[in-house]
Structure formats: C-alpha cells, structure tokens
Amino acid sequence: MATEPKQGMGIFQKYLTLWVALCMAAGVLIGKFLPGVPQFLNQFEYANVSIPIAILIWLMIYPMMLKVDFQSIRDVGKNPKGLFVTWVTNWLIKPFTMFGIAWFFFYVVFKDLIPDTKLAQDYLSGAILLGAAPCTAMVFVWSHLTRGNPAYTVVQVATNDLIILVAFTPIVALLLGIGGVTIPWDTLILSVVLFVVIPLAGGILTRTQMIRKKGEAYFTNTFLPKWDNVTVAGLLLTLVIIFSFQGNVILENPLHIVLIAVPLTIQTFLIFFIAYLASRALKLPHNIAAPAGMIGASNFFELAVAVAIALFGAKSPVALATIVGVLVEVPVMLTLVKIANRTTHWFPAQETNG
C-alpha cells in the first residue's frame, strides 16, 4: 500500500525563504570580506565539480528519494486522468513555457537592464534547468496543505521520478541548444547519474531494506523524520558556498535577483493554473487536482542547482538563476495553496474519479 510521510511545514520549511535570504547574505559577505574561504574550497574540485558542494547536494536529494514509494505504481491504472494531467503539464508544456517566458523577459523586456547577451543567455539556461525539473518532494507538503489524496500524490511523484530519468537530459539539451548553449553531453549525463540515478537507487535500496527489517510503520514514523532537516541544512550550506562564489556578481548587479524572479514567478502561476483548470475540465476531485497543479508549479530545484553547478560551475550566473528559483519557491507556492483551498467548490465532491 502506498504511504505518505508525516507532513507539515516545519520551521525550516515554513521560513525557507527567510533562511535562503540569510544564507545569500552570509555567502555574499564571506565572498566580499573573507575571499580566502571560497579560494580554499576551490581547491577541492574533480572534473569541474566542487566536491564539498557535491556532498551537500547528495544530502539534499537522498532524503527526498527515501520518501518515494515505487510500489504505488501498481495502482497507476485506477485513476489515470490525474496522472495524464501531471505528465502532460510537466513534460510537454512546462519546460517549453519556461523557455518562452524567460527568453521573452531576458532578451526583450529586460534588454536594457541586462545588456550583456551572454549574461541573459546564462539566466535563460538557469530557467531552463528549473523548468525541466518538476517537484518530487516538497509536493508532499503542498499536497498535505491542500488536503490532497496522499496515496495518489505518491503515485504522481513516483511516476514523475521515473520520467525524470529518461526525459530530463534530452529536454535540457534541446532547450539549451535552442538558447545557443553548447551542450556538454558527457557532463550533462554524468550529472543526472550523480544527482538522480545514484540517490534514487540509494533511496530505493534503503527504503526496501528498512521496511523489510523494521516494518513500514517504523520507516514512515521514525526513520524518515530523522532526515527531515538534513535536506534543508544541505541546501542552506550549499547556498552559502555558492553565494560566496557569487558575491561580486551580486553586489554589482543586485537588481538582477529581482529580474530573474519575475519570469520564474509568472511561470509558476501559469503552470499551476494549466494543470488545475485541466483537472477541473476533466471533472477530477479537488484532492487530485490540487496536487496535480502543485507538482508542476513547484520545482525540483535541488536537481536544477546540481546540474547548473556540474555544467557551468558554482560561480556561474546559471547557478545564480537556479538559486533565485529557491528564493521565490515557498512564498509563491504558499500563495497557490491558499488559492487552491479557496476554490474547492470548483470541483466535484466525490473522493475518487477515473
């Protein structure tokens, strides 16, 4: 039977935007006044990948993969419409609307504010990485806050993770190529193996072994909560390091944080309403429609950050753009949670619908 971890907005998750902002400030200050710190960390690199950051990224992603119950895929055919909405929105719409919206703002609307076309291209690349990485873990929280169907949310997340394995690399390569970026295929494939395949395999193995030895109740109620703050701690430490590398860029272009946030915010609202209203048109119940909207609107920003660092380096504006995605994620998603909870009357009252 599919199970969902205990949910709720812990203090780290609830105030994630505040912690992110504080880590950004700390990183910038370290880069400005303690430049020896990023210079020291620069020594620990392999194949252009920062070893400290790679370790922190694994700490971010591995606990998320523990939460995914792939046994739930056995029930995939019971309510297929909600899954179709999730798949189509996440993989046939979201990456391409993100590319279009980001290109329009960085190259047209903000042309005078970002006159450096290489910088605009880098910001576009970061947006592409976010657009091609739909949420896999935080959606459990958003589903809980909108009173979503927990078992169905698990199926949505599990199938989405499987699709990431095969779809993320070609979609990113296609859109980066359209954006004029030369694709380092070997690095792109390696980054997906490092930051998706390996943590996913580790999560499946750990989950299987723990449930076999201790039972599902122990795994869900005792083992998983031990990892609750590991992901956020890894994320925040990663941000401090990245922003210590980015300090001068940010101090020279503070307005760019806001400029990057604009298309990302518009994209988030657009994708939510595409999935949410499609679910309404298909007469799906609210407890399936709301998570369908949330999983598309939210981003697997840990993966986007990891791939940005692997492809372009922690000092690149591409990595900066993916980090802005982290900054806007929580307040925007909480706004969408409120919208979803105020529009339950749009949907039929039954609990299941195929």
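Contact means heavy atoms within 4.5 Å. This is a predicted model, in which local features need pLDDT of at least 70 and side-chain atom pairs count only at pLDDT 80 or more, while totals for chains, interfaces and linings use all residues. Residues are numbered from 1 along each chain as its sequence is written, and side-chain values use heavy atoms, with hydrogens and water left out.

View A. Helices (H or I, at least four residues) and strands (E, at least two) are DSSP runs, numbered from the N terminus. Not counting residues up to four places away in sequence, N90 touches P95, P134, N160, I295 and G296. N90 has a relative accessible area of 0% and is therefore buried (buried means under 20% relative accessible area, exposed over 50%, partly exposed in between; 1.4 Å probe, protein chains only).

**View B. K111 in the loop between α5 (80-109) and α6 (117-131).** With a relative accessible area of 55%, K111 is exposed. Its contacts, residues up to four places away in sequence not being counted, are F105 and F106.

**View C. The aromatic pair of F84 and W87.** The structure holds 13 aromatic pairs (rings of Phe, Tyr and Trp, the last by its six-membered ring, with centres within 6.5 Å; planes under 30 degrees apart count as stacked, over 60 as edge-to-face and the rest as tilted). F84 and W87 pair edge-to-face, at 5.6 Å centre to centre and 65° between the planes. Both residues lie in helix α5, three residues apart, about one turn of the helix. F84 is partly exposed at 47% relative accessible area, and W87 is partly exposed at 25%.
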